[in-house]
There are 2 protein chains.
Amino acid sequence: MKTRDRILVTSLDLFNSEGEQNTTTIDIANEMDISPGNLYYHFKGKDVIIAELYNQFEVALGNTLRAPLEKPLDQGPGGIENNWYFLHVLLEEMYHYRFFYQSLEDILNRFPSLRTRFLRLLDLKKKTLGSICLSLLEDAGEEIGEDQFASLVENLTQSMTFWFSWSRLQPGAREPQLLILQGVLQLMSMIAPHLGQSQQQFHQHCQDIYQRTLLP
Amino acid sequence: MKTRDRILVTSLDLFNSEGEQNTTTIDIANEMDISPGNLYYHFKGKDVIIAELYNQFEVALGNTLRAPLEKPLDQGPGGIENNWYFLHVLLEEMYHYRFFYQSLEDILNRFPSLRTRFLRLLDLKKKTLGSICLSLLEDAGEEIGEDQFASLVENLTQSMTFWFSWSRLQPGAREPQLLILQGVLQLMSMIAPHLGQSQQQFHQHCQDIYQRTLLP
């Protein structure tokens, strides 16, 4: 791996595990066993590293979020699984860059240009979650009012955005895989009650996927 | 007002408006036009002020949260209004001490003893929100499974805890009163779909209270 890429990977690891505020460029250089001068040759400070990691995050999350808008997820028999795995991938990507969410307000205050871009990403997230809700409702033969639909999408987006902050408030450390699975289940549980007659079946189906994915 | 109380009120104001991390005891003394020595005579540093404000917050929120557990809110004809105003009071209290929520992770990391107490408060919040859901379900003649109930309460508690963080991510400044009203509406919208036949009526009722409260 090139030194530049190694710096990014090491920074992301340290930011995620120690917190971005508690990590200096000296820590990053030490961790990589390179000189601060060498690091500085590639990145002129921590802010540039954060900006570059944000670019990566934005591309990764943006591509995933746009996929079901460009080609809707298959519904029908395997539909719930498709939505489940899609949400799983989304939460995994967010987890990969979780330091942003750990100090979201602080980072957005320090980097006003990232705020604009993050809000754009939130809008995209709302659109994508909305399209998933729509296809699940359609599949269940249900319709809901415009207000209710907007509230549902708002709730889903909020819950997803703060999922890892919420998890860190729970006592006891939990495996990342479990955190992500519980996040998906939680989101699905918000959609379920809107699915009328089929909500029990939907709920059971989600519980089954959850249990099946949990077991090795 | 006694100097000690004035220090607490001024600190809370500054923490809420400027952020706790951006406020020093010198700022607090300057804002009050007293000497740092006078402030130090009452509080031996910012940490002691934060601890005292947390005590206030815990007593206020704890008392409110315990009220409907000790004497359930009246349901029946005026039931929705009673729940509405209860959630409104809760969010108002949280807003009053919003600096805790603005740097929640940071504060809980710095004060491990507050973490334990905050988690206890979250448990109480879950119990109270659970009892509200139960009485609304009962009133609507609906029953839901244990898993679904647990998910609903979890979602409500998460949404409430991060409501002001979520609001600060929305573009444009909003009036506190509007933020709080929208928070209540958002929470009610999570309960509504569980209310079966009466969900439309419930939803409309909430929209009506929202509109009516918005207008001067």
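This is a friendly dialogue on how to read the predicted model shown above.

Reader: Before I look at any residue, what should I know about the numbering and the model?

Author: Residues count from 1 along each chain as its sequence is written, while chains are lettered from A and ligands numbered from 1 in the order in which they are written. Because this is a predicted model, local features need pLDDT of at least 70 and side-chain atom pairs count only at pLDDT 80 or more, whereas totals for chains, interfaces and linings use all residues.

Reader: What pLDDT does chain A average?

Author: pLDDT is the predictor's confidence in each residue, from 0 to 100. Chain A averages 92, and 99% of the residues score at least 70. For the complex, the predictor gives an ipTM of 0.91 and a pTM of 0.93.

Reader: How many helices and strands does chain A have?

Author: Both are DSSP runs numbered from the N terminus: helices are H or I with at least four residues, and strands are E with at least two. Chain A has 12 helices and zero strands. Its C-alpha trace spans about 65 × 40 × 30 Å along the principal axes.

Reader: Which domains does the assignment give for chain A?

Author: Domain bounds come from an automatic or database domain assignment. For chain A, the assignment gives domain 1 (1-44) and domain 2 (50-214). The C-alpha centres of these two domains of chain A lie 30 Å apart. Their contact takes eight residues from domain 1 of chain A and seven residues from domain 2 of chain A. Here, two residues are in contact if their C-beta atoms, placed from the backbone, lie within 7 Å.

Reader: What share of the residues in chain A is buried?

Author: The idea is to count neighbours: a residue is buried if 20 or more other C-beta atoms lie within 10 Å of its own, exposed if 12 or fewer, and partly exposed in between, with C-beta atoms placed from the backbone. In chain A, buried residues make up 31% of the 216 residues.

Reader: Is A:Thr23 buried or exposed?

Author: A:Thr23 counts as buried because it has 21 C-beta neighbours inside 10 Å. This residue is found in the loop between α1 (3-18) and α2 of chain A. Leaving aside neighbours within four places in sequence, A:Thr23 is in contact with A:Leu14, A:Phe15, A:Glu18 and A:Ile28.

Reader: And A:Asp33, is that buried or exposed?

Author: A:Asp33 counts as exposed, because it has 6 C-beta neighbours inside 10 Å. Look for it in the loop between α2 (25-32) and α3 (36-42) of chain A. Check its backbone too: phi of A:Asp33 is near 60°, a positive value in a residue other than glycine. In chain B, phi of B:Asp33 is also near 60°, and B:Asp33 is exposed, with 6 other C-beta atoms within 10 Å.

Reader: What span should helix α8 of chain A have?

Author: The expected span of a helix is 1.5 Å times one less than its number of residues. Helix α8 (residues 112-139) of chain A has 28 residues and should span 40 Å; its end C-alpha atoms are 41 Å apart, which agrees.

Reader: Which residues of α8(A) are buried, and what covers them?

Author: Among the buried residues in α8(A) are A:Leu114, A:Phe118, A:Lys125 and A:Cys133. Their cover includes α4 (46-70), α5 (79-96), α7 (104-110), α9 (146-161) and α11 (176-191) of chain A. After α8(A) comes A:Gly141, whose phi is positive, near 65°.

Reader: How are the two copies related?

Author: Two copies of a chain are related by a rotation about an axis and a shift along it. Copies are superposed by least squares on the C-alpha atoms of residues with pLDDT of at least 70 in both. Here, chain B can be laid on chain A with an RMSD of 0.0 Å by a turn of 180° and a shift of 0.0 Å along the axis. The copies are therefore related as by a two-fold rotation axis. Of the residues of chain B, B:Pro193 comes closest to that axis, at 2.8 Å (C-alpha).
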